[in-house]
Every structure is written in C-alpha cells, then in structure tokens.
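Please read it alongside the sequence and coordinates.

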Amino acid sequence: MNGNQYTYMGTFYTIGYALFQIPGTLAVTRVRPSLYLFVNEIGWGIFTFAQAGAKTYNQMYAFRFMVGVFEASFFPSILYLMGSWYNKHELAKRIAIFHLSGSLGTSFGGYLQAAVYTTLNGETRTKCKNRTHILVNYRWLFIVCGCMTTPCAIGLLLVLPDLPSNTRVWYLSQEERKFALERSISLGKSQPGEKKLNWTLIKRMLLTWKWYGLVLGYVVYGSSCQNTSYFAIWMKSAGYSVVERNVIPSCSYLISALCIFIWGFGSDLTGSRFAFVFGPLFYGLLPTGILAFWPKNKNLILFAFMTGGVQLMTAVFYTWANELLADDNELRALTISSMNGLQFRRGFPGTFGLVIAGLIIIFGIKLLADRDERRATSLRNSTAFDQANAKTMGLGNAPFIQDEISFEKECPVVEEL
C-alpha cells in the first residue's frame, strides 16, 4: 500500500465509525444493551480477523469500514449506561477507570506489536488441509487482536447490567434491581421510554444550549489532544528503531492512565466538574505550545509527546454531560454520541489554538450551567414559599397562585385597608 491508500483505509474506518455512532447509541435506549453490544462486538471480531486475510487494498477498505461500523456504538453506549446508574460522587471515578483501561490497553498494544514484529518477523507458515499458508507478521497481529475481541463479546452478554429500568443480570437480586431503579429516579434521571424517540428529540436538541455547548466543547478539546498521535511518526524521523517506536510511546499511555485516574477521583471527591475539566486542559497549553513553537529541540519534543496525555480529562467531561442532561434520557444518549463522533485533525499550531478555544468554551459551559442551577434553585425556593403561605391561609395543599377573581371571592379585599 502506498501513502494515499493507507490514508484512505483510515478514512473508510472513520466514515463507518461516524455514521453509526449516533444511531447505535440511540438504539441502546430501546434495545437491551447487553444483547445489542454483544452482536456488535462479534461483528467487530469477525472483521478484525478478516483483515488478516485481505489480498487487496480494496478488501482492506471494506474491512476497515465494517470494523468502524461495529465498533462505533461501544464507547458512547458504555458512557451512557454508566451515567444511568451512578450519582455525582460515584460517576467520574468509574468513567475514569473505564477510560484509563483504554490507555492501558493501548500501552499493552505497543508491547504486543513489538513482540509480534520481533518473534514473527518474516514469514510464518501454517498448515491447513495439506496446504501451506504463509502469514507475514502484520497479519498475525490481526489474528491476535481478533482472539481478544471475541471473548469480550461473551463477557458483555453475561455481565453487562443493562439499564436500571430493564436489568435482569444474574448477580443482582430482585430487591437490588428495584433499589437501583428507585435510586435512579430519585437522582432525577429520566428513564427510557418517558419521552418518544421521534422528531421531537431533534427539536429538543436544537432548542437547548447544552447540545451545542457540550458537543462543540468536546470536539474542540478532543481535536486538541490528537497531536500525540504523531509521536511514532516523529520518532521515525528522529531515527528511533521499530521496537523503540512501539515501546517508548507506550510509556506515555501509562502517564495518561495515571492522570485520568487522578482527575476522575479528584472530581468525585471535591464535587467539582469544572475544575477538573478546565485545569488539565490548561496544562495542555504547555506540550502543544512546545510542539507548535519549538519543533527543533529534540528533548523538549520528547517531553511534550510523553506528557501530552496529562490533559486527558475525558472521563470528567463525559460525567459533566451525563449530569447536565440527566432529565432527558434520549437527548443524553444523542449528545454523548455526538460528542464522541465529530472530531477532526489539525497540525501542531492548530491544536494549540484549539486548546485555547476549548478553555473558552468550557468556561462558557460553566457559566450557563451555573445560571440554570440558580434558576432551578430559585424555582424550588419559590414553590416552597408559595406552599408555606397557602397553608398559613388555610388553603392546605392548594396552589397559592390563583386567578384574580377566584382569589378575591375567597379573600375579599377590605377597601378601608
């Protein structure tokens, strides 16, 4: 494959991933998530295996597209599910653990690739039906990854608890399921089916600042994090060996995993989402600034790539989105999948600008969220005051605010007063 063909291969994967992410996440609001994601994971594994047998780049385009299709629903659906179960002191740390497992998996993948390249370098022969098949090392990598994907599908089917409203997982008793649903409702979380999945969802999306703010903020933030994806390319140009190019970036993923863990637990401990979204992203000005403005200093560049993942506060950002949209189940699923599916790539100066833009947008989200909270608090206080006055006037639980005529009939005005 030449350079353009390799780029097209990635493009076909991205197209499949982007097209099916929102429909897939909305599907788990109506279809049992454990079953839906099980089917998707099986498809993901099948087409991962298929890549090992690709004979032409056109076949690889098709296989990469299908991998994107079946992979698309997984990440946002799990985030949506976790947001359905946990409260504000539990959610961020759990999403952080889920997110850092991805960083650890990517780190392990680097060592795995180095091992496959070293031990299976050249051609490996396998016998099937008295014929000899030749598999080069990169094809074995698809087989190894496929062998890990398929058991994950079985795990999803057996242990994923679905939603509090429809869980029937074996390790929760009937009382625990009832408690989970009652707790979810008491936390103000909208349940699946309360609102119809139709065109009114689009209307709700377009008429709230939350969809615009959260999606734009996350897209800008996520795009600003992508400069670290050029780490291996830079190492190749700097003369590092193949094994070094697989192993050294793996260390940066371990640093990312540690920071993801700290930000998630710190956010739950303090109850602040804004501080642990704004703070890590503010640090991102340092590594992106180095990559943008000091490209010839090898030590600084290595430092920037190694610590670029410190700004990864993805878990806290998604926690914030889950909480801000807790009262609209379907809009929450739509927003989370939109946040994850609408990112783009830019060069180093561009990512520096995106960090600044992300900080501004996040600050705006904080202002709007605080405004909504003040309004909600004022409404609750006003309602409580009205009810207290109604009881004082002997109206029991009747509404205090009535139309002028009926009020005057019950409490005539004394003209002299």
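Asn340 lies in helix α16, which spans residues 329-341, and in this predicted model Asn340 counts as buried because its relative accessibility is 12%, where the cut-off for burial is under 20%. The side chain of Asn340 is joined to that of Tyr17 by a polar contact of 3.0 Å. Once neighbours within four places in sequence are set aside, the residues in contact with Asn340 are Tyr17, Gln21, Phe75, Pro76, Tyr218 and Tyr318.

One of these partners, Tyr318, is among the buried residues of helix α15. Helix α15 covers residues 314-324, and ten of its eleven residues are buried, so this helix is largely enclosed by the rest of the structure. The buried set in α15 consists of Thr314, Ala315, Val316, Phe317, Tyr318, Thr319, Trp320, Ala321, Asn322 and Leu324.

Helix α16, which holds Asn340, also packs against helix α8 (residues 199-206), the two axes being 10 Å apart at an angle of about 70°. That angle makes α8 roughly perpendicular to α16, because values from 65 to 115 degrees fall in this class. The crossing of α8 past α16 is right-handed. On the α8 side the contact involves Leu201, Arg204 and Met205, which meet Glu330, Leu331 and Leu334 of α16. By class, the residues of this contact divide into four nonpolar, no polar and two charged.

The crossing of α2 and α4 is left-handed. Pro33, Leu37, Glu41 and Trp44 of α2 meet Phe74, Ser77, Ile78 and Leu81 of α4, and the contact comprises six nonpolar, one polar and one charged residues. As background to such a pattern, residues three or four places apart on an α-helix point the same way, because the helix has 3.6 residues a turn.

| Helix pair | Axis distance | Angle | Handedness |
|---|---|---|---|
| α8 and α16 | 10 Å | about 70° | right-handed |

Gln5 lies in helix α1, residues 3-27, and is buried because its relative accessible area of 15% is under 20%. With residues up to four places away in sequence not counted, Gln5 touches Tyr57 and Tyr61. Ile356, found in helix α17 (residues 348-392), counts as partly exposed because its relative accessibility is 37%, which lies between the 20% and 50% cut-offs. Ile356 and Leu285 are separated by 71 residues in sequence, while their C-alpha atoms are 7.6 Å apart in space.

Finally, the chain as a whole may be considered. Its secondary structure comes to 18 helices and two strands, and 44% of its 417 residues count as buried. Among the contacts in the chain with a separation of 6 or more, 75% are accounted for by residues 24 or more positions apart.

Conventions: Residues are numbered from 1 along each chain as its sequence is written. This is a predicted model: local features need pLDDT of at least 70, side-chain atom pairs count only at pLDDT 80 or more; totals for chains, interfaces and linings use all residues. Side-chain values use heavy atoms; hydrogens and water are left out. A crossing is left-handed if the near helix is turned anticlockwise from the far one by less than a right angle, and right-handed if clockwise. Helices (H or I, at least four residues) and strands (E, at least two) are DSSP runs, numbered from the N terminus. Contact means heavy atoms within 4.5 Å. Ala, Val, Leu, Ile, Met, Phe, Trp, Tyr, Cys and Pro count as nonpolar, Asp, Glu, Lys and Arg as charged, and the others, Gly among them, as polar. Buried means under 20% relative accessible area, exposed over 50%, partly exposed in between (1.4 Å probe, protein chains only). A polar contact is a pair of N or O atoms within 3.5 Å; within protein, one must be able to donate a hydrogen and the other to accept it, and residues adjacent in sequence count only if both atoms are side-chain atoms. Axes are lines fitted to C-alpha atoms, for helices over the stretch in contact, and angles run from 0 to 180 degrees between N-to-C directions. Angles under 35 degrees count as roughly parallel, over 145 as roughly antiparallel, 65 to 115 as roughly perpendicular and the rest as oblique.
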